[in-house]
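Please look at the overall build before the packing.

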Amino acid sequence: MITLWYGILAFMLTTYIVLDGRNFGAGILHWIVARNQNERRQVIAAIGPLWSWHEVWLVGTGGVMIMAFPRLMATSFSGCYLALFLILWCILLRGMSLEVGGHLSDRLWQEFWDAVFVFSNVLLAVLFGAALGNIARGVPLSSEGTFYLPFFTNFGIRGAVGLLDWYTVPMAGFCVLILTAHGATYLTMKTEGAVHERSVRLTRGLWVAVIPAFVIITLLTWFVRPELLEGIAVRPAACLTLLITVAGIYALVTGLRHQRERLALLGSTFLLFGLLMTGAAALFPVMLFSTTDPGLRLTAADCAAPAFSLAIAVAWWIPALTLAFTYLYIIQRYYSGKVNVSQDNQELY
Amino acid sequence: MQASLTDAALWHRIHFGFTITYHYLFPQLTMGLAWFLVHWKWRALRTGDEKYNRAARFWARIFGLNFAVGVVTGIPMEFQFGTNWAGFSKYSGAVIGQTLAMEGMFAFFLESAFIGALIWGEKRLGPRNHFLAAVGVATGSWLSGLFILLTNAFMQHPVGYAVAADGTLALSDVGAFLLNPWALVQYAHNQCAALVTGSFAVAAMGAFYTLRGTHPEQAKVYLNTGTLVGLVASLLVAFPTGDSQAKMVGRYQPVTLASMEGLFQGTRLADVSMIGQPNVIQQRLENPIPLPGALSFLAYGTFQSYVRGLNEFPKDDWPDNIELIYYAFHIMITLGTIFILIMAWANWKRWRGRLESSCGLLWVLMLAFPFPYIATSLGWMTAEMGRQPWLVYGLFRTNSGYSQVVSAGDTIFTLIGFVGLYFVLGLLFLYLTGREIHKGPDEADAVARPQEVSV
C-alpha cells in the first residue's frame, strides 16, 4: 500500500511538472518567440484556458502528500521554508500576470505583466529544478528527522550543502533547458505564423542542446548519489519507465523529422514523464536522503500514514481521478487546435 | 504569552490568520454568486428572456475576477500546513489530509475545468451546455467548501480517529469523520452566510445602477433576486443554522461559549449581554445590558439550564484572547440581525412595488455590501480563536503545532511578503472590478465579443 501511494504521489507530481512545465517553457521563450503584442497574446492564449487546471495537479499533489506521507510534508516543506515561499509567490505572480495582464488593453501595462510573466516562469523552472536536485542529493537531516537548508553555500564540492550549491545549480540549469525545449515543442503545435516558425527553429536547437546537458547531469548525479543509478538497474519499475522514456524520444524525433507537431509534443511529454518517473523509481524506497549520516534518511515507510488511511484513500482516489480526466476530455474539445488571437484572446472580462 | 518579535508561535498564527482571512474574502462571494449564475442561466433557458443571460454574463465576469484571486491566494494555504505547521501536519496529516486531498481531487478539478467555459465559452458551448458549466462550477465551489469545513470540523470536534503507536492520529471510522455533526452544522451556517454575501453584493449593484439611473432593466433583476435571496439567507444564517452552531459550541466547547459571552461565573438563568465589555483581569463583564436567561435558553433549551463560567475551567484551557472573541461574536450577531432587518424592509417595499423609488433604502442597500464580509470574518475569528489553545480540540495544543525549525524572523519576513503582494493584488482586483461595474452589463454585452466565432 505504501508502494502504491509512493507511485501515486510520484505520478501526480510528475504529471504536474510535465503539464505546467510546458507553460514554464513557453513563458521562458515568451520574449524570444513573440516580438510584438499580437504575437505575445498568441503565446498567452496558448496557456490561458487550462493553466489553472494544470495548477490543480500541484494542489492535488500537496493534498496527497499530507494525507499519505504527513511526515515528508512536514519535514521537507518547513526545511525548505524560504524556497517554498519563493515558489508560492512566483506561482501567485504568474497567475496574476496571466489573469490580470491579459485583460488590460493598455500597452505599457501589458508589457509590465509580460515581464512579470517571463520572470516568474524562469524562476519557477529554476526552483523546481533545484528542488529535484535536492531530492536526488539529499538534505542535512538531523537525528530528530528535521533540517533547515540555507539558500546558498560557498559552492565548494566538499562541505555543507544548500538549496543552491554546486550540484543543484547545474540541475536547475538542466531543468530550465529541458522545460524550455518542452515548451517550444508545445508552442510549435499551438501557434501559427512567425511565432510558429521561431518555435520550430528553437525546438530543434534546444533538444539537441539537451543531449550533452543530460550526459553531464547524469555524471554529476552519479558522483553525488551513485545509489540512484544503481537503483535503476535493479528495479523492474525503473525499466518500465525507461521504456516510456525511450518511446518518448522515438516519438519526439519522428515528430520533429516529419513535422508532425502533435506527435512531437506527445513524445516530449512522455520523455519528461518517463525521466521523472525513472528518477522516482530509482529513489524508492527513500524519500529524503541524508547528507549528514546515511542512516538518518527518511524512507516511504517512515513517512507514511497508517495503512487504514491509505486504503480508504485509494477507494476514493481512483474514481476522483477518473472524474478529473472526464472533465478534461469534455473541456479539451473546446480548446483543441491552433490558437487564434481573435478567438482566444483573454480580453474578455 | 510573551508578545515579542521572537515569539515564533504567535507569528505563525498571525501568518496563517492573515493569509486565510484575506483568501476567504473571495471564495465567500464566488460560493454565494455561483447559484445566482445557475439561477439566471436556468431562467434564460426556460423563458428565453435575454435579460437573464445578460445578468449571468455580467456577474460571470465579476465571478471570474473573484475566482482568479481566490485561486492564487488559495494555493499557498495548503502548503502552509507543511511550511509553518509541520508539527500539526505530522500529528494529524493522516486524518485531515484525507479531506484536503479530496478537495483537490473532487472539487478543484471540476471547478477549474469548467470555469473557463463558463466565462469565455458561452457561444462555443451553446445555452444548454453553458448552463451545465455553471452548475459544474457551482457544485465544485460548494464541494470545496464542504471539504475545507470537514477539515476544520475535525480540528473543532475530532471524531472518527484513533491514536497510533507513535502518538500521531490515524483514521479509524470514515463514516464518523465525514458525517461529523460539527461539520454539517457549520457547513450549513457558512454556506448560508456565503449566500448573504452574494445577495448583498447583487442587491448593492442593483441599488447602485438604480440610483445612477443606468441599466434600469438589469438593476431591477439584481434588486429583485438579491433582496429575495438575501432575506431567506439572512434568516437561515440566524435560525436554524446559527442557533444550532451555538448549541454545538455549548455542548462540545463550553469554555468557548463562556468566552463568547464573557461569562466568568457559572449560573442558571445566564444572561446574553447585548452590550458589554469583558474585563479579564477582574473577571467580570463591564456595563452589560443583559437579556435575562437568554443564554441558558439559547444554548441549552431552557431558562433553568446551568451555563458553566470560565472560572470552572483551568486557566490553561481558556482561549487566549477572550476580549477579541467576545467582540467578534457580538458584532457578528448584531450585524446578522441588521441584515435581516434591512432585507425585510427591502422585501416589504418590493412587495408594495416601491423598491426602485425608495431612495433611502437604495442607499442603505448600496452601502451595506461590505458588512457581510465583516460578519463572516468575525464569525471565523470567533470559531478559530474560540478553539484556542487547541489546534485539534482537546488533543493537540497550538503551541506544539508550528514548525520548530522555522524562526520567528523567517515567518515575519514571509508575512510581510504576503502583505505586500496581497496589497497589490487587492488594488488590481478593485481596479478591474470597478472597470467592469463602470462598463456595466449592457455595454459590455454590446461590445462585439470576437471569441464567440465558432471554431
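A crossing is left-handed if the near helix is turned anticlockwise from the far one by less than a right angle, and right-handed if clockwise. By that rule, H3(A) passes H2(B) in a left-handed crossing. The model is predicted, so local features need pLDDT of at least 70 and side-chain atom pairs count only at pLDDT 80 or more, while totals for chains, interfaces and linings use all residues. Residues are numbered from 1 along each chain as its sequence is written, and chains are lettered from A and ligands numbered from 1 in the order in which they are written.

**The helix pair**

The axes, lines fitted to C-alpha atoms over the stretch in contact, come within 10 Å and cross at roughly 20°. Angles run from 0 to 180 degrees between N-to-C directions. That makes H3(A) roughly parallel to H2(B) (under 35 degrees). Contact means C-beta atoms, placed from the backbone, within 7 Å.

| Helix | Residues | Contact residues |
|---|---|---|
| H3(A) | 51–68 | Ser52(A), Glu55(A), Val59(A), Gly62(A), Gly63(A), Ile66(A) |
| H2(B) | 50–83 | Val71(B), Ile75(B), Glu78(B), Phe79(B), Phe81(B), Gly82(B) |

By class, this contact of H3(A) with H2(B) has 6 nonpolar, 4 polar and 2 charged residues. Here Ala, Val, Leu, Ile, Met, Phe, Trp, Tyr, Cys and Pro count as nonpolar, Asp, Glu, Lys and Arg as charged, and the others, Gly among them, as polar.

**Chain B**

The C-alpha atoms of chain B fill a box of roughly 65 × 50 × 40 Å along the principal axes. Among its contacts between residues at least 6 apart in sequence, 73% join residues at least 24 apart.

Notes:
Two residues are in contact if their C-beta atoms, placed from the backbone, lie within 7 Å. Helices (H or I, at least four residues) and strands (E, at least two) are DSSP runs, numbered from the N terminus. Angles under 35 degrees count as roughly parallel, over 145 as roughly antiparallel, 65 to 115 as roughly perpendicular and the rest as oblique.
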